Amino acid sequence: MAQCVSIDQAVEQVLARLPNHIHMGLPLGLGKPNAFVNALYARIRECPERQLTIYTALSLGRPPLGDGLQRRFLEPFVERVFADYEELDYLADLRNDTLPANIRIEQFFLQPGSLLHSEAAQQDYVSSNYSHAARDINAKGLNLVAQLVAASPERPGQLSLACNPDITLDLLPMLARRRAAGETILLLGQAHTELPYMPGDAELGEDDFDLLIDAPEQRRLFSTPNMPVSTQDHCIGLYASALVRDGGTLQIGIGAMGDAVAAALLARQGDNAGYRAVLQALDVAPWQALIDREGGQDAFAEGLYGCSEMFVNGLLALVEAGVIRRPADERGALVHGGFFLGPQAFYQRLREMSLEQRGRFAMTGIGFINELYGQETLKRRQRRDARFVNTVFGMTLLGAGVADQLEDGRVLSGVGGQYNFVAQGHALDGGRSILLLRSWREAGGEVTSNLFWTYGHCTIPRHLRDIVVTEYGIADVRGQTDSEVIARLLAISDSRFQPQLMEQAKAAGKLPKDFQLDARFTDNTPERLEAIREQHGRLFPEYPLGCDFTAEERDLLRALNWLKSKFKLSEVLELGKAALDAPAPEAYAAQLARMGLEQPQGLKEELYQRLLLAGLAATG
């Protein structure tokens with residue numbers, strides 16, 4: 001029977017009942033009971049004779065405020081959106097490489113880009129498929145699991161793992177076997193008042209827990225505000241949406257490109273004439289046969305089923321619009337998910353649903369979602385015509401995808417479930433893996449290609465190459481020869497880089513010396529896409545799934561992103577020219593007031609104001 005205890009009492013119980021080395025498992029993302037974790041961390045930090053290893057992923061923290069214009073923009077926004085969210089104390093020490101000697105943090109997925117400069121995080125990163133995480137953590141001797149849960153007056157005596165049944169459900173049978181052999185393993189839960197109660201597989205009895213914190217957590221849940229979707233991302237989403245087959249299965253992820261796919265599917269359903277018009281403007285003719293065979297441009301008559309490790313805001317929007325409406329089973333599940341994370345409005349919409357409505361979103365173990373083995377016959381029946389849509393930040397011309405790690409070995413994020421879904425795309429009848437890629441990027445005024453001849457690391461090996469989508473089109477590279485793969489990827493690369501890429505392939509003997517790109521692929525330019533956006537503006541909403549920013553903040557975010565892309569802050573001459581070219585401040589009084597720069601004090605603030613005005617004028 002579970003003991004109801006305070007946080008301090010829970011810490012005392014854990015110290016008394018567990019051995020010298022505590023091996024604590026925490027859910028990835030949202031489901032961490034931060035107050036308990038901080039209390040235990042503080043105690044172990046003061047007890048050098050004890051050891052603590054935390055096994056987790058996606059330790060979420062507020063974005064660092066930085067300095068200058070970035071800080072002026074972020075500080076009020078972060079205060080408003082994150083409010084009294086309790087930070088994880090170990091995360092600050094991890095970022096600063098000041099973890100105590102008796103504490104380690106092992107993660108198999110990092111908050112993207114946040115720990116590139118942490119030696120401890122980089123050295124203790126575990127490269128593991130999401131579906132193998134429970135196995136690997138259990139093998140380390142896990143003896144404590146701590147998790148946020150949800151309670152409901154409609155379910156007395158029950159608790160829901162809510163946002164994170166993913167690894168916990170896979171772990172429980174393993175832990176039960178070890179407990180039966182005499183090991184002491186504790187399961188601790190704390191309810192959160194804002195966490196939606198998700199029924200079904202995610203439910204456990206109160207007595208399944210050893211310790212329950214007696215006071216529910218009431219502080220703000222961590223959220224991920226919707227970010228703007230660029231022209232580049234919208235074009236990617238439009239192409240990808242045409243590869244989704246009616247009556248099929250959909251998996252998408254978080255971020256602007258995932259939002260763009262959801263937005264395009266919403267347009268395909270709700271504004272089909274406009275949707276077809278923008279695809280015609282983009283010129284899908286080179287891939288029309290592939291679209292006809294694998295996807296379509298019609299509105300959805302039967303609808304889709306969602307099967308995604310991450311239940312994201314985009315999937316909820318697709319259910320609400322009737323795009324996802326094909327039940328997976330007799331229980332009426334429209335979406336199977338392993339964990340969820342999103343903006344505050346996403347949590348609120350779930351909380352406002354009835355328990356029966358929430359039951360359409362079947363939160364379950366990650367082993368069910370990310371693998372085919374185990375109930376394979378059922379999964380194959382449910383996951384017909386599956387489209388697994390994931391993002392990469394780079395790709396070689398031979399079709400290897402790069403999504404988690406830089407060439408020098410530093411980890412940006414993690415493999416997560418991407419490999420699982422790519423493999424399923426090949427293993428399922430009618431299944432396809434679709435990798436989304438921005439063909440170029442710009443930072444500090446330098447434009448570089450995200451398609452390259454070679455790279456020192458890959459996340460998805462080239463023998464699993466399938467479909468690649470950039471803002472310039474679609475490359476179906478499954479089962480193709482190396483020369484054909486190169487040609488198809490060149491056709492969807494940015495034309496500024498095509499000659500050099502082509503020469504590298506020819507020099508390696510992978511393309512015929514006389515190979516030339518078809519002329520229709522040599523006008524792959526951002527300017528052409530921006531012209532299409534001008535003509536079809538309603539198909540390119542900046543925030544298609546809602547927005548946490550005020551109107552002034554949206555203007556400022558565009559301006560700041562423009563400044564970041566165009567200038568290196570160390571290049572004083574370029575910055576000075578931008579400041580000189582800036583318009584008069586009267587035109588942007590509200591935006592300047594939001595940044596505290598309506599009346600600049602001193603030379604530094606005057607420069608900030610002029611730079612900001614330059615950015616506002618360039619992006620307004």
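Helices here are DSSP runs of H or I with at least four residues, strands are E runs of at least two, and both are numbered from the N terminus.

**Ground rules.** I'm working with a predicted model, where local features need pLDDT of at least 70, side-chain atom pairs count only at pLDDT 80 or more, and totals for chains, interfaces and linings use all residues. Residues are numbered from 1 along each chain as its sequence is written, and side-chain values use heavy atoms, with hydrogens and water left out.

**Second largest pocket.** I looked up its volume and got about 440 Å³. A pocket is an open set of points on a 1 Å grid over the protein atoms alone, where a 1.4 Å probe fits, with protein on both sides within 12 Å along at least five of seven lines; lining residues have an atom within 4 Å of a point. The volume is the space filled by probe spheres set on the points, which are joined across faces, edges and corners. I noted 23 lining residues, with Thr364, Gly367, Phe368, Gln375 and Lys379 the closest to the centre. Helices H6 (133–139), H7 (168–180), H15 (366–370) and H16 (376–382) each give at least two residues to the lining. H16 has the largest share, 4 residues. By type, I have 7 nonpolar (Ala, Val, Leu, Ile, Met, Phe, Trp, Tyr, Cys and Pro), 8 charged (Asp, Glu, Lys and Arg) and 8 polar (the others, Gly among them).

**Helix H8.** Next I checked burial, where buried means under 20% relative accessible area, exposed over 50%, and partly exposed in between (1.4 Å probe, protein chains only). In H8 (231–241), 11 of the 11 residues are buried, so this helix is largely enclosed by the rest of the structure.

**Strand E17.** I then turned to E17 (432–436), where 5 of 5 residues are buried. In a regular strand the side chains alternate between the two faces of the sheet. Here Arg432, Ile434 and Leu436 sit on one side, Ser433 and Leu435 on the other, and both faces are covered. E17 pairs with E14 (386–391) in the parallel sense over 5 bridges; pairing takes at least two DSSP bridges. Arg387 stands opposite Arg432. E17 also runs parallel to E21 (467–470), joined by 3 bridges, and Leu436 has Val469 as its bridge partner there.

**Positive phi.** I found Ala83 with phi near 45°, in the loop between H3 (68–82) and H4 (89–95). Asp283 has a phi of about 70° and lies in the loop between H10 (272–282) and H11 (288–294). Ala83 is partly exposed at 24% relative accessible area, and Asp283 is partly exposed at 37%.
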